[in-house]
Amino acid sequence: MYNSIREECGVFGVYSKTPTAVANSVFYGLYALQHRGQESCGIVVNDCGVFSYHKGLGLVNEVFNSENLSKLPQGKIAIGHVRYSTTGNLTASNAQPIVVRHVKGPMAIAHNGNLINALQLRREYELKGAIFHSTSDTEVIAYAMTEARITSGSIEKALETAMGKIRGAYSLVIMSAKKLIAARDPDGFRPLCIGTLPDGGYVVASESCALDSVGAEFLRDVLPGEIIVINDNGLTSIRTHCGKKGTMCVFEFVYFARPDSVIDGFSVHQARIKAGEFLWQEHPVDADIVIGVPDSGLDAALGFAHASGIPYGVGFIKNRYVGRTFIQPAQGMRENSVRIKLNVIKKVVEGKRVVLVDDSIVRGTTSGRIVDLIRNAGAKEVHMRISSPPFISPCYFGTDIDSKDKLIACKMSTSEIAKHIGADTLGYLSAENVVRIAEEAGTGFCRGCFTGEYPIEVPDEMPKDKFEQKLVE
């Protein structure tokens with residue numbers, strides 16, 4: 001996708017039966033999850049209760065190398081994180097995992113998601129004397145746990161208590177001196193799964209593709225509201241906060257997750273194929289070829305081609321050495337990145353009526369650039385098809401859709417957007433069918449950014465904006 005939407009974050013944790021180079025395993029896991037966050041990353045290793053870590057700004061292969069990985073000790077437990085900033089600015093202090101020193105022992109925590117009551121809780125803890133070192137809502141979770149840990153008999157009990165206070169989206173990996181803990185919010189907004197290692201150990205990760213990268217076998221998804229505790233005695237489950245079916249962010253299937261992942265029992269690749277099939281049913285068109293915008297538009301384009309009988313073609317060559325366009329700070333630089341990152345295969349589209357499939361349109365500027373590329377390569381017609389509905393509302397749960405004034409669908413009709421981006425026609429997947437692309441999955445879906453209706457009560461204003469504004473005053 002070539003516009004300003006950003007992914008959430010990715011979390012990874014490993015528990016080995018014997019001390020080994022667990023930092024290397026986490027490195028490979030984070031590399032597999034790089035698509036979920038490209039601003040910062042970090043790894044914390046537990047060596048007999050002593051925590052060592054390395055983290056910083058940049059991609060996994062920029063922050064880590066053989067030298068600093070070798071300086072991390074061997075151990076049985078380690079966790080890692082790749083991040084982009086949903087709540088908290090892009091600074092080294094916000095890089096995760098967060099390490100906390102507590103009277104009952106050290107704790108490291110990594111978080112994927114976004115709390116909607118972060119500001120309220122932060123003020124509460126500051127009035128009690130808490131000192132925060134970052135502007136990330138993950139540190140709020142850490143304080144909620146450390147407060148509960150004073151009276152709790154165990155770290156998992158402290159987390160169980162904290163989950164009664166924090167609200168919003170969170171998939172967590174947490175490490176104590178002797179335990180690896182994973183938890184998912186009661187609504188299951190973000191994915192989290194468990195795998196088993198050949199030595200009898202365990203891995204937890206945001207997506208199943210990360211399990212494959214370290215040779216782990218998929219065991220199951222963490223249930224909405226579930227706490228998983230892993231130690232020398234094996235794996236135990238705490239289900240005090242379970243009971244809801246879950247409302248997974250449907251955009252995980254549309255765009256965020258890697259196509260080779262399986263989330264809540266359903267293939268992301270297959271979901272995108274179905275999205276393309278639904279697109280053809282809703283917005284048929286006479287055309288000569290179907291092409292997709294790499295990478296998340298490719299599977300939907302394939303589904304559109306299969307359903308329509310229109311030939312599928314590879315219309316773009318992607319430069320794999322350029323990062324996603326959203327990491328460029330200025331709109332002009334984002335636009336230049338599109339030209340650098342994509343090149344059209346002229347012979348594929350020249351003189352043809354082209355169906356161009358992408359996953360979404362946010363501001364419209366980047367989509368217009370892509371349509372221009374196809375036009376300039378000689379396409380006779382360009383029919384844009386989008387495998388998600390129009391964005392009309394903010395996301396409160398970890399996706400960077402934070403104000404309506406940035407959303408083109410809040411300013412223009414579909415026909416006006418088509419004209420604005422230079423397409424002959426434009427068709428979006430409906431809000432009704434977007435939740436059907438993975439209807440066999442064992443979960444419900446949140447589609448609030450498409451409908452303005454959310455599975456839980458949300459604030460009157462974006463908590464992210466207020467959180468960051470208040471912290472810099």
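Good morning. I begin with an open sheet of four strands, ordered β17-β20-β21-β22 and paired in parallel; strands pair if DSSP finds at least two bridges between them, and helices (H or I, at least four residues) and strands (E, at least two) are DSSP runs numbered from the N terminus. This is a predicted model, in which local features need pLDDT of at least 70 and side-chain atom pairs count only at pLDDT 80 or more, whereas totals for chains, interfaces and linings use all residues. Residues are numbered from 1 along each chain as its sequence is written, and side-chain values use heavy atoms, with hydrogens and water left out.

Four bridges pair β17 with β20 (residues 353–358) in the parallel sense, and I289 stands opposite V354 in β20.

Which helices accompany this sheet? Helix α9 (residues 268–282) packs on the sheet and touches β20, β21 (381–386) and β22, its direction making about 125° with that of β22; contact means heavy atoms within 4.5 Å. Helix α10 (residues 298–308) lies across β17, β20 and β21 and runs at about 160° to β17.

The next sheet is also open, with six strands in the order β5-β6-β7-β8-β12-β13 and antiparallel pairing. Here β5 and β13 (234–238) are at the edges with a single partner strand each, so one side of each lacks a neighbour in the sheet. The twist averages 20° from one strand to the next. Three bridges join β5 to the antiparallel strand β6 (residues 107–115), and the bridge partner of I98 in β6 is I109. Helix α5 packs on this sheet, touching β5, β6 and β7 (168–175), and its direction makes about 125° with that of β6.

On a 1 Å grid over the protein atoms alone, a pocket is an open set with protein on both sides within 12 Å along at least five of seven lines, a cavity is a set of points where a 1.4 Å probe fits but cannot get out, and lining residues have an atom within 4 Å of a point. Grid points are joined across faces, edges and corners, and a volume is the space filled by probe spheres set on the points. Of the 20 residues lining this pocket, V99, V100, H133, E139 and Y143 are the closest to its centre.

Which element gives the most to the lining of the second largest pocket? It is α5, with five residues. β3 (50–57), β5 (98–100) and α5 (137–149) each supply at least two.

Finally, the search of the whole structure finds six cavities of 30 Å³ or more, and the largest cavity has a volume of about 70 Å³. Its lining includes R190, C249, F397, R447 and Y454.

Notes:
Axes fitted to C-alpha atoms, helices over the stretch in contact; angles between N-to-C directions.
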